[in-house]
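Good morning, everyone. Please bring up the structure, and we will walk through it piece by piece.

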Amino acid sequence: MRISFCQGLLTGAIVLNLLILYYVSRAHHGRNPRVTTLLREFENFENFVTDVANSFLRQRPELPFLVVADSSPYPPLVLPEGARLLLLSPSADQPPQAHRPEFHIQTEFVFLVPDGVELEQPRVIERLIRELEGEGGGPVRLVAAPVLTRSAVQCLHLRVNLREWTATYSPAASGSSGSVCTALQGDAVVLMRTEDLFNLSTALRGWKVKLLESPCFSANHRPLFSSAHNQWKADTRLKDATGKLMKSFGLKRLLLPEGKEQWFGCSKEIPRCFGTVQDDTPEYLYLDRWTPPCCLKALRETTKYVINILESSGVRYWLEGGTLLGAVRHQDIIPWDYDVDLGIYLEDVPNCDHLKNLDSGSLVDANGYVWERAVEGDFYRVQYSEANHLHVDLWPFYPRNGVMTKDTWTDHKQDVEFPEHFLQPLVPMSFAGITAYGPNNHRSFLELKFGEGVIENPQYPNPAKKDWTKVNYD
């Protein structure tokens, strides 16, 4: 087919227009910023937000600068042209998207900066982008650089054990081109992809951060807080924010690299972490979790306290039921148990001032422990405190014709008579960090109570409600 001169001219014009459109598009794309600078953590009562914004916009005026706050800061922030304030709290006079960060960040990357940081070298952001792009689609999803003149940043490994409500931080090794880890401690700037920022809640597990040795960022030469009072206010706010964060993640305990612990659960002044137990199955088992560590800590303290009083009063006792089972298996409380059981000789009760007068009511001793006769049956109970009802139960037995027995029984299968020879003699056992006494020949004692193979075959208290064998804890 022959092409006329007019057709050829028209075809050439179309091709030329397409080429022009292509290069204009590329040039326009090249002018589009790839990074939004985001400042989230600052204090209303004293901050350098204006200085940070000026520093970044002076060096990189084309990059969007976004300040994010829960509510309108007071005193109000004075932001330079090019910086915007995003309030996360919804308001009646604005649409919902006005408070959603994903509607305000249109760039490929987000650059998270702490308060007081200054941008001195305009091209260092591209250096961080190249580092992140060089990682491809691997586990490194964030790149960080240290902030000088602030607390030294440290690369850490974070291991979260939701079953045990615990997060553990440990130091990470450093490599030749920086450290790769799962957490940072100290001041750093962080670059990440915008899509990752909005998927933190579902995709964070398995992500890693690469901490570079350089470039380094400078901080304002003045202290972040000008007075000890403002520093105290900031520390208090950080503590409160950390507590809320731990609660939202369902964590009760932090183990820090230097060996310290931080607790975010119950205490002597605060009720225990779970409510009344129904069907021998505490609510946390339905969440595929074990006893919160703060509750185990309180049970250990109460057990040690009670045993010390029993021994000093001349009351013979022994580890009973599931508590003995925990001592044999773990030298501790069973990880999912919610109380401690001790057997005692009924005839020794008058030896103990804390027990002998409990028929008339309860006793709160000098250390805040509550001693009472249990309303559920003919036994004694020692609670951690008036507020926190974690407890140790004391079950009185007496010998009759060589058999240890009681006058009242519960419907627990382990609540049965047994030969007194298991208590003659009582033998020392490691339990919950102390030496306690238990029956001799504990295997035969436990198999009499629970059945053959009970030591080697763990099971929850009520398999009909929650069956150990049907839970995957890998």
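In what order do the eight strands of the open sheet come? The order is E3-E2-E1-E4-E11-E6-E12-E9, and the pairing is mixed. Two strands count as paired if DSSP finds at least two bridges between them. The edge strands are E3 (83-87) and E9 (179-181), and each pairs on one side only. On average, neighbouring strands of this sheet are turned by 25° against each other, direction ignored.

Now a word on the ground rules. This is a predicted model: local features need pLDDT of at least 70, side-chain atom pairs count only at pLDDT 80 or more, and totals for chains, interfaces and linings use all residues. Residues are numbered from 1 along each chain as its sequence is written, and side-chain values use heavy atoms, with hydrogens and water left out.

The overall count is next. The protein has eleven helices and 25 strands. Helices (H or I, at least four residues) and strands (E, at least two) are DSSP runs, numbered from the N terminus. Of the 474 residues, 43% are buried. Buried means under 20% relative accessible area, exposed means over 50%, and partly exposed is in between (1.4 Å probe, protein chains only).

Back to the sheet. Strands E1 (residues 35-39) and E2 (residues 65-69) pair in the parallel sense, over three bridges. Find Thr 37: its bridge partner in E2 is Phe 65. Helix H2 (residues 49-59) packs on the sheet and touches E1, E2, E3 and E4 (109-113). The direction of H2 makes about 160° with that of E2. Helix H3 (residues 124-134) lies across E1, E4, E6 (140-146), E11 (188-193) and E12 (208-211). H3 runs at about 150° to E6. For these angles, axes are lines fitted to C-alpha atoms, for helices over the stretch in contact, and angles run from 0 to 180 degrees between N-to-C directions.

Next, the cysteines. How many disulfides does a search of the whole structure find? It finds one. The test is a pair of cysteine sulfur atoms within 2.5 Å. Cys 155 and Cys 181 form the disulfide, with 1.8 Å from S to S. Cys 155 lies in strand E7 (residues 154-161) and Cys 181 in strand E9, so the pair ties together parts that are 26 residues apart in sequence. The torsion about their S-S bond is about -85°, so this disulfide is left-handed. Both Cys 155 and Cys 181 are buried.

Cys 295 is buried, at 0% relative accessible area. Cys 216 is partly exposed, at 31%.

On to charges. Side chains of opposite charge can pair when their charged atoms come close. The whole structure holds 29 salt bridges. Each has a side-chain nitrogen of Lys or Arg within 4 Å of a carboxyl oxygen of Asp or Glu. One of them joins Asp 70 and Arg 40, at 2.8 Å from N to O. Asp 70 sits in the loop between E2 and E3, and Arg 40 in the loop between E1 and H2, so the pair ties together parts 30 residues apart in sequence. Both are partly exposed: Asp 70 at 39% relative accessible area, Arg 40 at 27%.

Another salt bridge joins Glu 320 and Lys 449, with the closest N and O atoms 3.1 Å apart. Glu 320 is in the loop between E16 and H9, Lys 449 is in helix H11, and they are 129 residues apart. Are they buried or exposed? Both are buried.

That brings us to helix H9 (residues 321-330). Nine of its ten residues are buried. Those buried residues pack against E16 (317-319), E17 (340-345), E24 (427-431) and helix H11 (442-450). After H9 comes Gln 331, with a positive phi near 55°.

Last stop: Leu 358. Leu 358 is in the loop between helix H10 (353-356) and strand E18 (363-364). Leu 358 counts as buried, at 4% relative accessibility. Beyond its neighbours within four places in sequence, Leu 358 is in contact (heavy atoms within 4.5 Å) with Leu 363, Trp 371, Glu 372, Arg 373 and Tyr 380.
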